Amino acid sequence: VQLQASGGGLVQTGGSLRLTCTTSGRIDRVRAMAWYRQTPGNQRELVVATTRAGGTNVADTMRGRLTLSRNSDMTAIYLQMNNLTPADTGVYYCNADLNKPGGRTYSLYWGQGTQVTVSS
């Protein structure tokens with residue numbers, strides 16, 4: 001199982017970016033996916049998480065500035081971030097809580113991260 005995060009880049013303050021996270025490999029069911037970020041000097045923190053049932057949890061720092069969407073089988077999620085500021089600079093990681101065919105146990109998998117840089 002692999003997760004691929006993409007879409008990061010350099011934008012100016014007030015700009016927007018759309019991040020994509022896709023899963024691949026032998027997967028039976030994805031029950032939740034999330035985006036985290038690690039900003040310079042800080043620990044990794046939640047940006048937004050979503051469950052297969054449709055529940056969503058958005059970090060207060062991003063509330064009102066993001067839109068999360070996904071494909072029908074929840075093997076990919078898309079994070080649209082708007083009105084970005086330098087405080088949003090960091091490495092953005094996605095994860096997926098999933099199980100493999102024939103398996104009953106769910107495990108958390110992480111992507112490699114994509115760099116977001118917002119210039120002032």
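**View 1. Y36 is a partly exposed residue of this predicted model.** The relative accessibility of Y36 is 24%, so the residue counts as partly exposed, since the buried class ends under 20% and the exposed class starts over 50%. W110 has a relative accessibility of 36% and therefore falls in the partly exposed class as well.

**View 2. Y36 and W110 form an aromatic pair.** The structure holds one such pair. The geometry is edge-to-face, with 5.2 Å from centre to centre and 65 degrees between the planes. The pair links distant parts of the chain, 74 residues apart. Y36 belongs to strand 4 (residues 29–38), and W110 to strand 10 (residues 107–110).

**View 3. Two arginines are placed over tyrosine rings.** R31 lies over the face of Y106, and its distance from the ring centre is 4.0 Å. For R44, the charged end sits over the ring of Y93, at 3.7 Å from the centre of that ring.

**View 4. Strand 1 runs antiparallel to strand 3.** Five bridges join strand 1 to strand 3, which spans residues 17–24. A5 has C21 of strand 3 as its bridge partner. S6 is bridged to T20, also in strand 3.

**View 5. Strand 1 has one covered and one uncovered face.** L3 and A5 make up the covered face. The uncovered face consists of Q2, Q4 and S6.

**View 6. The whole protein is built with eleven strands and zero helices.** Along the sequence, the pattern reads β-β-β-β-β-β-β-β-β-β-β. Taken along the principal axes, the C-alpha atoms fill a box of roughly 50 × 25 × 20 Å. The radius of gyration is 14 Å, which agrees with the value near 14 Å for a compact globule of 120 residues. Of the 120 residues, 38% count as buried. Among contacts between residues at least 6 apart in sequence, 56% join residues at least 24 apart.

Technical notes
Residues are numbered from 1 along each chain as its sequence is written. This is a predicted model: local features need pLDDT of at least 70, side-chain atom pairs count only at pLDDT 80 or more; totals for chains, interfaces and linings use all residues. Side-chain values use heavy atoms; hydrogens and water are left out. Two strands pair if DSSP finds at least two bridges between them. Helices (H or I, at least four residues) and strands (E, at least two) are DSSP runs, numbered from the N terminus. Rings of Phe, Tyr and Trp (its six-membered ring) pair if their centres lie within 6.5 Å; planes under 30 degrees apart count as stacked, over 60 as edge-to-face and the rest as tilted. Buried means under 20% relative accessible area, exposed over 50%, partly exposed in between (1.4 Å probe, protein chains only). A charge sits over a ring if NZ of Lys or CZ of Arg is within 6 Å of the ring centre and within 35 degrees of the ring normal. The radius of gyration is taken over C-alpha atoms; the globule rule is 2.2 Å times the number of residues to the power 0.38. Contact means heavy atoms within 4.5 Å.
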